[in-house]
Amino acid sequence: MLDRTIQPEIRNIETFTIPQPNIVVLPNGIELYTVNMGEQEVIRLDLMFSSGKWDQEKNLAAVMTNMMLKEGAGELTSSKIAELLDYYGSWMQSSVTQHNSYLTLYALNKHFSSLLPIIELIIKSPTFPEEEFRTLMSRQKQQYLVDCEKVENLANFASIEQLFGASHPYGKRAAAEDFDLLTIEDLKKYHQKHYHSANCRVFLTGKLNDEHLAMVSELFGQKEWGIISEKEEGSFEILSSDEKFRKTEKPEAVQSAVRFSKKSIDRKHPDFNGLRVLNTVLGGYFGSRLMTSIREEKGYTYGIGSSLVTQQKAGYMTIATQTGVENVGPLIDAVFEEMDRLKIEEISPDEMERVRSYLLGEFARSFDGPFSIADAHISILANQLGFDYYENQLKVIQSIDSATLLLLANKYLNREDFYVSVAGK
């Protein structure tokens, strides 16, 4: 019998096996990835299209096309689609990134055969009804205007533009007038160009059987569907700003938002997993250097964090926080001082083990079920990585030492490489 008065022994992960997906190429060329795991009678279906904001000719086209798919398809109205999804106890979500668009369905096993034809209609035969489009655009515009009042968003907009330039897809942002310029025809054109079988991959995850696989193959994998055309890979020049410090005035703001940013490496770079550990030390978890210094010791903010953002064609590092107007200058100095410390002092053994334990725990939690495993594999494909990526990441977490992190800090944490953006009073 378990004695709960005795604290269990704490041990770090030594070995970890990540289940690999089974991959089948369907007759029309679509790749079907399956992860057959779990005890619950639940299935998740993901359709991934290799086109996103990078590929749109007009601002908002990629996101709005994706959002409008479920607003009417074939003979089904938006209300009927919502009614059917609710009746079968399912949930559907859509999302768009710079390079990919997704439609995801969560369904009970017993209702999957009833729901899959609805998904087929939504993908292949959306109607893009005008009334729903106008309602959705109005709602999205109002949300955009609200977001533009928030200092954290203003600082982020300016920071990304500093890094990539206003004309680059990574640095470009929508304007209020874009919501009035986009038309139904723009969405139909985007859908026709990008939503077809040659641009699609399918993921099926959960407690699967042969019937589930056969139905996906029948509805999506037999004949080519959509108007197939060769994808044109857009090329855009990064035009970073010469303005290292940018201020966006917001006189009525209670606090100022501060962003530090610099162009960095993507996940394919051999230094990336080591830099990820270094970023965790700096500002990637609650016990980080920045949280300890800026929040706990100096009291400049309630929270501050750093992160590595990676896209297919570029990566960047960012540090984000909010503070009182009077603290902006001292906070900026204090952040750079923490970076400088990492460049001249090796991290202590105790801190190294604390960060290592945290990262190993997060690593294990990121694979705690079939849907989490599916997310990991979708991320691998979205970032054009190999399926050994996470195993390599684990090896680095387990083996990296303070001397290596010191070298990485001197390579990637130089003040002169960072842009600073402040929005507020």
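This is a predicted model: local features need pLDDT of at least 70, side-chain atom pairs count only at pLDDT 80 or more; totals for chains, interfaces and linings use all residues.
Two or more lining residues come from each of α9, β11 (304–310), α12, α13 and α14. By class, the lining holds 17 polar, eleven nonpolar and four charged residues. The space inside is about 660 Å³.

Next, select helix α14, residues 389–399. Its buried residues are Tyr 389, Tyr 390, Gln 393, Leu 394 and Ile 397. They sit on the same side of α14 because they cover an arc of only 135 degrees around the axis. Show α9 (272–284), α12 (349–365) and α13 (370–382), which are among the elements covering these residues. Then turn to the face directed away from the buried side, where Lys 395 and Ser 399 are exposed.

Now move to the largest pocket, with about 930 Å³ of space. Of its 30 lining residues, Lys 53, Phe 157, Lys 172, Arg 173 and Ala 174 lie nearest the centre. Select α1 (61–68), α4 (130–147) and α5 (151–164): each supplies at least two lining residues. The most come from α5, which gives five. The lining comprises 14 nonpolar, ten polar and six charged residues.

Are Cys 148 and Cys 200 buried or exposed? Cys 148 counts as buried at 15% relative accessibility, and Cys 200 is buried at 4%. There are zero disulfides in the whole structure.

Key. Residues are numbered from 1 along each chain as its sequence is written. Side-chain values use heavy atoms; hydrogens and water are left out. Buried means under 20% relative accessible area, exposed over 50%, partly exposed in between (1.4 Å probe, protein chains only). Helices (H or I, at least four residues) and strands (E, at least two) are DSSP runs, numbered from the N terminus. The arc is that of the directions from the helix axis to the C-beta atoms. Contact means heavy atoms within 4.5 Å. A disulfide is a pair of cysteine sulfur atoms within 2.5 Å. On a 1 Å grid over the protein atoms alone, a cavity is a set of points where a 1.4 Å probe fits but cannot get out, and a pocket is an open set with protein on both sides within 12 Å along at least five of seven lines; lining residues have an atom within 4 Å of a point. Grid points are joined across faces, edges and corners, and a volume is the space filled by probe spheres set on the points. Ala, Val, Leu, Ile, Met, Phe, Trp, Tyr, Cys and Pro count as nonpolar, Asp, Glu, Lys and Arg as charged, and the others, Gly among them, as polar.
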